[in-house]
Amino acid sequence: MKKLSNIILALTALLVVGFLTLGGCNKKAALSPKVSDFCVSGCNGITLDTKEVRHEDWNDTIYVTAVDETKLKISTTNTPFFCGTDTIWHETIAQGQNISLSLLYEDSFADCICGYHVDLTIENLKSGQTYMVNIKKDGRNYFQFEVVFGPDTELMFVI
């Protein structure tokens with residue numbers, strides 16, 4: 001009887017050690033990339049009439065900088081929206097290393113375009129991973145870039 005209880009105790013201990021070794025207790029859920037610290041300025045004073053504006057007339061500079069070991073800040077300097085646009089928000093879809101950021105707004109039905117500064121931070125990124133970031137505006141691709149995320153990430157794009 002004593003031998004049977006020792007065998008049961010040994011098997012139980014082996015099972016517990018095996019479970020802990022496989023990481024069952026300390027397993028962390030993988031966090032998906034998400035946007036935080038979203039901020040949009042008002043009109044920066046650069047305006048064009050909608051009848052005269054062409055894509056090549058409009059320049060926007062996009063800065064991409066690592067904030068810490070899990071966060072990437074994206075800043076634009078002159079993203080075009082209709083004059084008088086008061087409410088701009090974002091929707092984010094992250095699937096693996098593909099991140100889609102849609103910039104949405106209430107149409108002011110103005111007849112001019114104005115440049116806005118857009119700042120946002122993507123968090124829960126992993127150092128060494130390659131991410132494809134697609135910024136959309138008006139339901140269309142505005143700008144897309146690929147970045148290998150790391151603590152020294154610092155990029156600039158002029159579009």
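F81, F82, Y105 and Y116 form one aromatic cluster in this predicted model. The charged end of K137 is placed over the ring of F81, 5.0 Å from the ring centre. Across the whole structure, a search finds six aromatic pairs. One of them joins F143 and F157, whose ring centres are 5.0 Å apart; their planes meet at 55°, so the pair is tilted. F143 belongs to strand 9 (residues 140-148) and F157 to strand 10 (residues 154-158), so this pair ties together parts that are 14 residues apart in sequence. F143 has a relative accessible area of 14%, and because the limit for burial is under 20%, F143 counts as buried.

Strand 10 itself is another matter. Of its five residues, the number buried is zero, so strand 10 lies largely in the open. Its partner is strand 3: five bridges join the two, and they run antiparallel. Within strand 10, M156 stands opposite Y63.

In soluble globular proteins, nonpolar side chains tend to be buried together. The largest nonpolar core here has 27 residues, of which I74, L101, I122, I135 and F145 touch the most other members. Two or more residues each come from strand 3 (61-66), strand 4 (72-82), strand 6 (98-105), strand 7 (112-123), strand 8 (130-137) and strand 9. Strand 7 gives the most, with five residues. Leaving aside residues up to four places away in sequence, L101 touches V35, I74, E91, T92, L120, I122, V133, N134, I135 and K136.

A search of the whole structure finds two. One joins C43 to C114, with an S to S distance of 1.5 Å. The link is right-handed, with 95° about the S-S bond. It connects distant parts of the chain, 71 residues apart: C43 is in the loop between strand 1 (34-40) and strand 2 (47-49), while C114 is in strand 7.

C83 lies in the loop between strand 4 and strand 5 (88-95) and C112 in strand 7, so the pair ties together parts that are 29 residues apart in sequence. C83 is buried, with a relative accessible area of 13%. With the bonded cysteines of the chain numbered in sequence order, the pairing reads 1-4, 2-3.

Conventions: Residues are numbered from 1 along each chain as its sequence is written. This is a predicted model: local features need pLDDT of at least 70, side-chain atom pairs count only at pLDDT 80 or more; totals for chains, interfaces and linings use all residues. Side-chain values use heavy atoms; hydrogens and water are left out. Rings of Phe, Tyr and Trp (its six-membered ring) pair if their centres lie within 6.5 Å; planes under 30 degrees apart count as stacked, over 60 as edge-to-face and the rest as tilted. Helices (H or I, at least four residues) and strands (E, at least two) are DSSP runs, numbered from the N terminus. Buried means under 20% relative accessible area, exposed over 50%, partly exposed in between (1.4 Å probe, protein chains only). A charge sits over a ring if NZ of Lys or CZ of Arg is within 6 Å of the ring centre and within 35 degrees of the ring normal. A nonpolar core is a set of buried Ala, Val, Leu, Ile, Met, Phe, Trp, Tyr and Cys residues joined through side-chain atoms within 4.5 Å. Contact means heavy atoms within 4.5 Å. Two strands pair if DSSP finds at least two bridges between them. A disulfide is a pair of cysteine sulfur atoms within 2.5 Å.
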